[in-house]
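Please open the model in a viewer and keep the selection tool at hand.

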Amino acid sequence: MSTPEVTENPVLTPPEEPPQEPTGSSIAFTITLVVLVGLALFGRKLFAGLFTDDGVRTWATMFVGVTVQALPFLVLGVLLSAALTAFVPASFFAKALPKHPALAVPVASASGVILPGCECASVPVSAALMARGVTPAAAIAFLLSAPAINPVVLASTAVAFPGQPKVVVARALTSIAVSMVLGWLWLLTGKGSSWLRMPKSRHAEGTAKLEVFRSSMLHDFLHAGGFLVIGAAAAATLNVVVPREWLDHVASNLLLSVVVLGLLAVLLAICSEADAFVAASLTQFSLTARLAFMVVGPIVDVKLIALQAGTFGPKFAVRFAPATFVVAIAASLLVGWWLL
């Protein structure tokens, strides 16, 4: 008798699910709001020994003013950035840029003027550009320029500094210059192929565009909104807690004030659509120092360093962040001396 042939059932592999939205940003944002509500309710008792009543009122006025002024620009920037990520294919940029890498860098830098996007969104967009064949130098130039000179950022800067169009011009010129210099430096140093990890998309292949838009909007708003609240609170605290003579001493030294506000921008990590309002509130400092704050923040801060390390690899981040900071400080000093 012949035994019947046994056929094995094929192993069915479940379809790959799209990556889930991380909950860390949502938790951080919720904790921040709870802490601030607690301060609003019990701040007078908790800090009665540290603040005068006038100090508390000054802190609350500045915090609310910075947040309320910046929030509409933040929401508009997040909506436009999510739409760009969801509905504009990366192949569009690859076709629009010149083939020669050295020429593609300034074109990519200039494209940031017409393509809105905050710094949180510029990292995945730049990653998508590299994945579609755009030269990394041009993608890096776009990464630096898009969150710094897009229409929403320039409009918010004009509102934050009324009657001072030279501040808007200085911010645009400095940010474009920094993005071009970093892009060309990438080409001159051998393109960094040994320490750049080619990125993967944050969304699974075939994800519906509306879902990409929704998740991108939620992700960027939770990140940027939380940091805006922290930045507004830090700016208000700086003006109330730090003795006036300390601020005056730092502000009186141009180089020291530029470096200090640059480092403050790295630590506060405020969204580029809102940072002009925080800079405008730091009235003790010169326009050049506040320009450095607005130039450094959108291109190198603690959240961007983490995003770049996760997207392009830690070897990229530990080299790129210090170089970007130094170039941004030098460019701010030069343009500030020239225009401001």
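With which residue does Arg171 form a salt bridge, and how far apart are the closest N and O atoms? Select Arg171 together with Asp275: these two form the salt bridge, and their closest N and O atoms are 3.0 Å apart. The term denotes a side-chain nitrogen of Lys or Arg within 4 Å of a carboxyl oxygen of Asp or Glu. Arg171 belongs to helix α8 and Asp275 to helix α12 (residues 275–281), so the pair ties together parts that are 104 residues apart in sequence. A search of the whole structure finds 1 salt bridge. Both Arg171 and Asp275 are buried; buried means under 20% relative accessible area, exposed means over 50%, and partly exposed lies in between, with a 1.4 Å probe and protein chains only.

Before the next selection, a note on the model and its numbering is in order. This is a predicted model, in which local features need pLDDT of at least 70 and side-chain atom pairs count only at pLDDT 80 or more, while totals for chains, interfaces and linings use all residues. Residues are numbered from 1 along each chain as its sequence is written, and side-chain values use heavy atoms, with hydrogens and water left out. Helices (H or I, at least four residues) and strands (E, at least two) are DSSP runs numbered from the N terminus.

Axes are lines fitted to C-alpha atoms, for helices over the stretch in contact, and angles run from 0 to 180 degrees between N-to-C directions.

Next, select Val169, Leu173, Leu334, Trp337 and Trp338, which make a nonpolar surface patch of about 630 Å². The elements that give two or more residues to this patch are α8 (165–188) and α15 (314–339). α15 gives the most, with 3 residues. Patch residues have over 30% relative accessible area and no salt bridge; like charges are joined within 9 Å, and nonpolar side chains (Val, Leu, Ile, Met, Phe, Trp, Tyr) within 5 Å. Trp338, in helix α15, counts as exposed at 59% relative accessibility.

From α15, turn to helix α11 (residues 254–268). α11 and α15 pack at an angle of about 135 degrees, with their axes 11 Å apart, and are therefore oblique to each other. α11 passes α15 in a right-handed crossing.

Three further stops each join positions that are separated along the chain.

- Select Val300, in the loop between α13 and α14 (302–312). Val300 counts as buried at 5% relative accessibility; its C-alpha atom is 6.8 Å from that of Thr324, 24 residues apart along the chain.
- Select Pro147, in helix α6 (residues 136–149). Pro147 counts as buried at 0% relative accessibility, and Pro147 and Glu273, 126 residues apart in sequence, are 8.0 Å apart from C-alpha to C-alpha.
- Select Val241, in helix α9 (residues 209–241). Val241 is partly exposed, with a relative accessible area of 44%, and the C-alpha atoms of Val241 and Gly55, 186 residues apart along the chain, are separated by 8.4 Å.

Definitions and conventions
Accessible areas come from the Shrake-Rupley method with a 1.4 Å probe; for residues, only the protein chains shown count as cover. Angles under 35 degrees count as roughly parallel, over 145 as roughly antiparallel, 65 to 115 as roughly perpendicular and the rest as oblique. A crossing is left-handed if the near helix is turned anticlockwise from the far one by less than a right angle, and right-handed if clockwise.
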